[in-house]
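Here is a short report on a two-chain model. Please look over the sequence and structure first.

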Amino acid sequence: MEFLSDLKDQVSTAYELLAAGWGVQLLWGIAWTLAVTVISMLIGAVLGSLVAAAKLSHRGGLRLIGESYTTVFRGEPELLIIYLFYYGGTQVLTGVARSTGSIGSTDILNMPSFLGGVLAVGIISGAYQAEVFRGSFLAIHRGELEAARAYGMSAWLRFRLVIMPQVLRLAVPGLGNVWQLTIKDSALISVTGVAELMLTANKAARSTHHSLLFYTLAGILYLVMTSVSTPIFDKAERYTSRSFTRPK
Amino acid sequence: MSANIAAAAKAAPSSDETPAISVKDLRKCFGDHEVLKGISLEAHKGDVISILGSSGSGKSTMLRCINLLETPDSGEVRVDGELIKMKRGRDGHQIPADIRQVERIRANLAMVFQSFNLWSHMTVLENLVAAPTHVLKRPRAECLEQAEALLKRVGIWERRNYYPPHMSGGQQQRAAIARALAMNPKVMLFDEPTSALDPELVGEVLRVMRSLAEEGRTMLVVTHEMGFARDVSSKVMFLHKGEVDSVGEPKEMFARPPTPQFKQFIANFNK
């Protein structure tokens, strides 16, 4: 009985804390997490397709660049990359600004935390997306590319009409995985001070001393975000692979 | 009998006319293996040339050198009198000098492949209008109209909104032939169009090809279909080990094989 009343107390405390403003803050945290993830995915998509193209290139130099990119950014801890971009970026920006005289010799030009964060997460996401795109390209039936050449299509037309639609179709399941990874990586940019879900939960836990409550809550919210995305990607996959499933 | 006379008439085009395709001394190596050892060929408007040969004789490679899917090491290819310009690449191999020219010429040489190679993410109808609208830049409405007419002609109009993987091999190949026709090509290149088909589906594809031959299309057909070569084509060319072994009028070639190699080749088929 004591346990039950204890639980009741806990729930009412949680309600009070959330109503007192932490609830709204957590919602903002979700919004920032989604913003970071979406923008990082987009940066990653651009970088990933370039890197995939480099890895598939006939030129040894380009292949080497592509290989190095995926090896480095998949092989290093995410946190290290984020520190490198944020603090390293600050150092570089400060150095450049001081030498051009735009700031004083003791001033510091900070890397904008959101920008530094999405760049770092986007670059990591790009390394994983590159692998997804490369695999998808290799899965395209060679004969279809040959037919595109044989019908007089230029490289750009072949890309637009045959390669891109098929790569996107084949990439959807893999991109679903990368999306989940990227949501999780977005939590790491809390170290740069972006008020996304992780940082907000952290702040709430510290200032209210209700660590168990806020970290559990944040955990549930992350799980909701990653699991809601699964059916969405499933649906996208069914749509894009419709030419490979029997018509009803 | 009248078909014979028509075939004979087709076999003897006027000699002063520019050939639709003219290939001179084509050579091609894959590594150390010389696949084509100086092949020459001339196809005039309305010619239907069957290219025969056992596997490894170079017949598919020759066809693929004509639209530059393979780059010949040396020799020249002319389409409607226009020479495909080549230059030396950095590694010393020949490469096309002007890729735009190659793309323009390819659009005039519609190819039909052994494994169909329809674009699997497009419906049949989209397959037929993709290249005419984007490569030839013809109005879409006009292309759609033509595409539907062509699909009716090859007998798969009711499948126009299907995706290729949902159709039988015979239907896919007929769709691929319709895709080729949609380009209004000067010459049609067939690369073993029936070799990947189940035996009971070969007939429907050959019937379409025969009707194309009868309406005077210029066709180069790499094939193992002896019946087609003998009865439909205006000329038979037999390749043996990368060289032209014999060329001639089909009935004559089959009745009196000019070389022991060709005699052996048809004997193997009649077994």
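Predicted model: local features only at pLDDT ≥ 70, side-chain atom pairs only at ≥ 80, totals over all residues.

How are α1(A) and α2(A) oriented to each other: roughly parallel, roughly perpendicular or oblique?

## A helix pair in chain A

Helix α1 of chain A covers residues 2-56, and helix α2 of chain A covers residues 60-75. Their axes lie 7 Å apart, and the packing angle is about 130°. Angles of 65 to 115 degrees count as roughly perpendicular and those over 145 as roughly antiparallel. α1(A) and α2(A) are therefore oblique to each other. The crossing of α1(A) past α2(A) is left-handed.

Which residues make the contact? α1(A) contributes Val51(A), Ala54(A) and Lys55(A). From α2(A) come Leu62(A), Arg63(A), Ile65(A), Gly66(A), Glu67(A), Tyr69(A) and Thr70(A). By class, the contact of α1(A) with α2(A) holds five nonpolar, two polar and three charged residues.

## Confidence in chain A

The average pLDDT of chain A is 89. A score of at least 70 is reached by 97% of the residues. Among the elements of chain A, α1(A) has the lowest mean pLDDT, at 88. The highest belongs to α5(A), at 96.

## Where the chains meet

## The open sheet of chain B

Chain B has an open sheet of six strands. Their order is β8-β9-β10-β3-β11-β12, and the pairing is mixed. Which strands stand at the edges? They are β8 (109-112) and β12 (243-248) of chain B. Each has a single partner strand, so one side of each is left without a neighbour in the sheet. From one strand to the next, the twist averages 20°.

Within it, Ala110(B) has Met188(B) of β9(B) as its bridge partner.

A helix also lies across these two strands of chain B, β8 and β9. It is α6 of chain B, residues 169-181. This helix runs at about 175° to β8(B).

Methods
Residues numbered from 1 in each chain as written. Chains lettered and ligands numbered in written order. pLDDT = per-residue confidence, 0-100. Helix = DSSP H or I, 4+ residues; strand = E, 2+ residues; numbered from the N terminus. Axes fitted to C-alpha atoms, helices over the stretch in contact; angles between N-to-C directions. Parallel < 35°, antiparallel > 145°, perpendicular 65-115°, else oblique. Left-handed = near helix turned anticlockwise from the far one by under 90°. Contact = placed C-beta atoms within 7 Å. Nonpolar A, V, L, I, M, F, W, Y, C, P; charged D, E, K, R; others polar. Pairing = 2+ DSSP bridges.
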